[in-house]
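Have the view open as you read.

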Amino acid sequence: MINRREFLATPLAAAAAPAKGKADACIFLWLGGGAAQIDTFDPKRRGDGKKVAGAAYGAIDTAIKNVQVCEHLKQTAPLLDRCAVLRSITHPIVSEHAAAANLVHTGRTPSGTLQYPSIGSVVSHQLGSKTEEVPNYVVMGYPNITRDPGFLGAKFGYVYLTQTEIGPNGLVRPPDVDSTRQDRRETLLASMREGHQNRNAGDAAIQAQGDVSRQAFRLAGPRFMNVFALNRESKTMRESYGGEFGQRCLLARRLVQAGARFVEVSFNLNFLNGSGWDTHNDGQTNQHLLIRDLDKAFATLLLDLEKQKLLETTLVVIATEFGRPPEFDAGGGRGHQSEAFTMVLAGGGIKSGLAVGATDDLSKKVIERPVSIPDFHATIHNALGIDPHKNLYAGDRPVPITDHGKIVQELFA
Amino acid sequence: MVRSLIASLAWSLSAAPAPSLPGGGPIQVEIFEDLAAGKEFDLAAMKSIDRYTEPAFAFIHTPTKFAANAIPLDRSTPFILKAAYQRNYTAGSYTLRLRARGAARLFVDGKLVAQTQAQKPNTSGDDPVPPAVERGNTPLRPAAYPHQDSLAPVQLSDGPHEVVLIAVIGGKGLYPSPGELAVGIRTKDQLVDQLLGPHDAPPLTDAGWEAYSLASARRHAESDKVRRRTVSQEVSALWNARHKSQPAKSAPAIPSAPDGYPVRNAIDNFINVKLAATSAKHTAALNDLEFLRRVTLDTTGLIPTPAEIAAYLKDAPKSRRANAVNRLVDNPSWADHWVSYWQDVLAENPGILKPDLNNTGPFRWWMHQSFSDNIPFDRFVAELVQQEGSATLGGPASFSQATLNDSPPAAKADIVAQAFLGQKLSCSRCHDAPFHPFKQKDLFALAAMLEGKDLKLPATSTVPQGEGGRKPNVVSALKPGESIAPAWPFAKLLEHADSGTLPVAAKSATRNQLASFLISPDNDRFSQVVVNRVWKRYMGVGIVEPADDWSRGRASHPELLVYLAHQFRASGYDLKHVAKLIFASHAYQRKAAGTAADQMSSAKRLFAGPAHRNMTAEQLVDSLHLAAGKPFDCEEMNLNPAGDRSPKQFINLGKPERGWHLTALSNERDRPALALPIAQSIVDVMTNYGWRQSRQSPATKRDDAPSPMQTLILANGVLGTRIARLSDDSAFTGIALGNATVDALIEQTFTRILSRKPNAPELAMYRNLLAPVFAARVVKGAEARSTRRESDGRVSWSNHLSAEATVIRLEEERKLRFGDKPTERLTKDFRERYEDTLWALINSPEFAMVP
């Protein structure tokens, strides 16, 4: 008799599959709030900040012929040949940040019958762990449900930190517990644990509980924590990455180097301009500071990964929940636009040095090669050697990794 | 609109009837609703909806409005709060302080003396953070942002004076709560205001306000309880009559017990038959303290307190277990513990920030009152399905919501069928279920009953069959856009008629009909599914598994299931009756054996002992706080403390005191200014222990297998640090200061945390650690310090996009890492050793396991 899983998981109709990528890790830079494509990677003619729609900044040439970026991406421009700029991303959720962020992270809208996993959890689940020295999936930003493992379960969740200075939540000891005290604590605990196990010698569940506790302290040992210690990097290296966002990117590199599979780095340094990338009204005034911070950190990350020989195997993604229109609002900022915006892929062994898709003369509409969010996910998965059509299981129920996502074939020679 | 309404309010009291006020008695409060928009209103011509009293002029909470069946209702928005009071004053000059978020006026002896402006609804997020309040050298509690203080110097003569406050609460685009509405009074010589009221009214200081606020919350909860029980007496009588009129069914036969197996009640007869047939051994009985810990966790969601343990041990050994059970099922926490269960099963999923991820309203509040009042469970189901009452503030109507879902009623139909019939229809959401006897049409027919009309199948609830795509293995007879009429889809599976008219009819006939089918006394499946859920909750594994998907499982003890279902129905659908039966059985009162995962096949379920269970996330965090004697002390679940947005966008879920009060912190925007750091530290622990911050879909089983992160988050996280910290509000600080001997200290510590005494090696280990510094542990002359946490109240949605708001919250996060302020009354060396003791006990695997 055919079992439920087999029945439900009969393979897909064969389609010409592009070459599978060889990347084994992903750094996902998240520009929460909705970064304006027209002011970053898809520049168009200038507007006036008021009535006349258009870019807020001038454009400069890049290492890709006929592809320009905004003038505040100076360090990135000469490195753009390491990137593929996806200028025709499009999805239907424009009004609400949370819903759009959820779509971009999970590739789906909520169904009410199950909670879909984030792309970080899927990658962590599919690639498995390379080493016990480092968590598989790390988020630098606030924990929220768009990043959750959903039906894959807590095992494929993330370790997070909100500030590099504080360190990963749950892994760093409280500030007043030094190693002497920690040793004392663990000695007392070991005795409690063993006592409990010995009193219940025949009970497998109790033995297992004690073993997990023991394993946890072994995992979070000094070697593990060293990965998070940015002060092990030279001062020059740290400075080259820039501010807190740069430090997070540097930490992402350390994590990937140590074997992490998916690191999401949130750019939520909202004190730079108040609103972060959600540049309504006043938020626009200092948007260039965000762009420069991004530029410095991203360019340094690419070069650093290259130097460490990690760029070929590390896919770097710049993602955001939607873009912004060319028009200005009453306060001189910009509203939301999900119909056409840009994401960037770099490294990871993909074919780089190109812009995929195009928008009209004010980047309001996609005029060439629309790329949906499932397509965007399928492309990332393919770069990581993951079959985007493979079924995951919510209990017995098969759920394909992407919702009919089509790989952007141009990126895979 | 709101402003014009407020501007035109007729404030004059001239037409108001002369109030007959008792001198110096409590403050008389009235609530008026349904103000005609744009027209002047005249309180004298209006009838108040509610009348109650407050001990002083602070109106933090207002009574919940209840329907005749006790479900919570929305008030009109805005509504008016009028407070009147008369008292004798000594002649002199006084300053009155009117503090309000919105429009309010204050009258003394009929004369207007102070007023505040109407609050404007806010649509922005980038207002500036207001400047920090200069406290100067006054202990006055400053007005919380964006409250206004209006000061009125008044000259009072000797004798009685009448003070009247009229305040507008809520309004379009505003949150319908009074905020910190208050009136203070002070003479020239007083440093700080006293709340207006009797001589002993509290001072308007932080401590005075916080104590009053806490007492006010308790008082209102208690009075809501009394009011809703009174208001619904008639409906309750109707339900009782319904149960009485249901024809009695003959009780199922109880098998005779095989020899050699212990029997405490009929449950054991059923269990022992199968144990004997397979020659299986049962596990050993729990000792008294193990039993108490288990049954206290199962009834209240908490570990037993030292006082409960003492009272229990004082009881005669023969009766102490039964007495404890009788006490515990009537403990108020009974409701707390059940709410957390049904939040999962019924996918309660409120969002505190512009909900849009399959969010419901907070029907937690209605569930809590239902379990607190122990309404019959069939009534609970009927009221849920009828989906009436307040949608945003917690009535059953908030169950009907599913934001951003293409068909909320279809989502709810699936939930209802899983919860009460053990029929999982999830697969039928988008196609005909391949392995269940359900078609997509069945789900949508049920959904149409919930909706009260025909439903159209959304294209997004179908399996796309595009060219070049995969050929689906699943199909549906329905086409996108097809219309489906309301119909009871289980007629073949469950051969029973509906049960006729319900005691209370909802507006929707099809909802009534659906409820009537579900709770029919002839619907054996309903009773069986519910008792199986109760059994699984207490025994770790169900008689039928999966408990939410019966078409895939078989009963391990079918006769026991019938017996329990019969008991449940005969008791008038009383969960407590079923719980007591289970607690009284020997099967429940013995040591755990195996895990639920090992017993998914019905042949393996013998109940030689209950399956092993770890504490749920809620039990864990609640018990930790109970052991340390510390409140959560976390932020309000509210991102709009300024109250200048509508409850449709921002709901206030209040200041959590129990795990189930928490919810997803909704920082999908990833903005530091939206962080709630203390709440986050609790959520971090809970999510690792299987609690779902977002309940987008129903769940009967949690993903809570032991994991290293569970251990680590408790060992290193902020919550564990706070629990082990000997601050001046820790119960452990108290016992460390109070105990004459180190052994007594260790014994009390074990009792508080593990509900047992230390064994000899344990005692020796901790004695070694603590004894050398025990005698000199007390620092002479040191005093207790306030443990009050300063959270900057100026940050709200309306200004969260300002750079300053970001910096404020980031700094709070950094500070929190250090945990609560340590006491100075104990020496550092002793304190650290004792904190490490506490740390080892709360992190020991024994703590989190249900005995």
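What follows is a short tour of a predicted model, taken topic by topic.

## Where the chains meet

Let's begin with the contact between chains. On one side, chain B puts in 75 residues, and these touch 73 residues of chain A. Several helices of chain B give two or more residues to that side, including H11, H18 (677–688), H23 (760–774) and H24 (803–816). The largest share comes from H25(B), with 7 residues. Sorted by class, chain B's side holds 29 nonpolar, 26 polar and 20 charged residues.

## The nonpolar cores

The largest nonpolar core counts 183 residues, and Cys26(A), Leu29(A), Leu86(A) and Val317(A) have the most contacts inside it. Helix H9 of chain A (residues 287–307) gives the most to this core, namely 9 residues. Apart from this core lies another, of 104 residues; Trp342(B), Phe490(B), Val534(B) and Ala565(B) are among them.

Setting aside neighbours within four places in sequence, its contacts include the run Thr342(A), Met343(A), Val344(A) and Leu345(A). Phe376(A) and Val408(A) are also among the residues that Leu86(A) contacts.

## A helix with a buried face

Now over to H7 of chain B, which spans residues 320–329 and has Arg321(B), Ala324(B), Val325(B) and Leu328(B) buried. Viewed down the axis of H7(B), the buried residues sit within an arc of 100°, so they line one face of the helix. They pack against three helices of chain B: H5 (288–300), H6 (306–314) and H16 (575–584).

## Two crossing helices

Helices H11 (residues 408–421) and H12 (residues 440–451) of chain B have axes that come within 8 Å and cross at roughly 105°. That angle makes H11(B) roughly perpendicular to H12(B).

## Ser802(B), a loop residue

Is Ser802(B) buried or exposed? Ser802(B) sits in the loop between H23 and H24 of chain B. Ser802(B) has 22 other C-beta atoms within 10 Å, so this residue is buried.

Leaving out neighbours within four places in sequence, Ser802(B) contacts Gly274(A) as well as Asp126(B), Pro128(B) and Val129(B). As for Gln401(B), that residue is 401 residues from Ser802(B) in sequence and 33 Å away in space, C-alpha to C-alpha.

Notes. Residues numbered from 1 in each chain as written. Chains lettered and ligands numbered in written order. Predicted model: local features only at pLDDT ≥ 70, side-chain atom pairs only at ≥ 80, totals over all residues. Buried ≥ 20, exposed ≤ 12 C-beta atoms within 10 Å, placed from the backbone. Helix = DSSP H or I, 4+ residues; strand = E, 2+ residues; numbered from the N terminus. Arc of directions from axis to C-beta. Contact = placed C-beta atoms within 7 Å. Axes fitted to C-alpha atoms, helices over the stretch in contact; angles between N-to-C directions. Parallel < 35°, antiparallel > 145°, perpendicular 65-115°, else oblique. Nonpolar A, V, L, I, M, F, W, Y, C, P; charged D, E, K, R; others polar. Core = buried A, V, L, I, M, F, W, Y, C linked by C-beta atoms within 7 Å.
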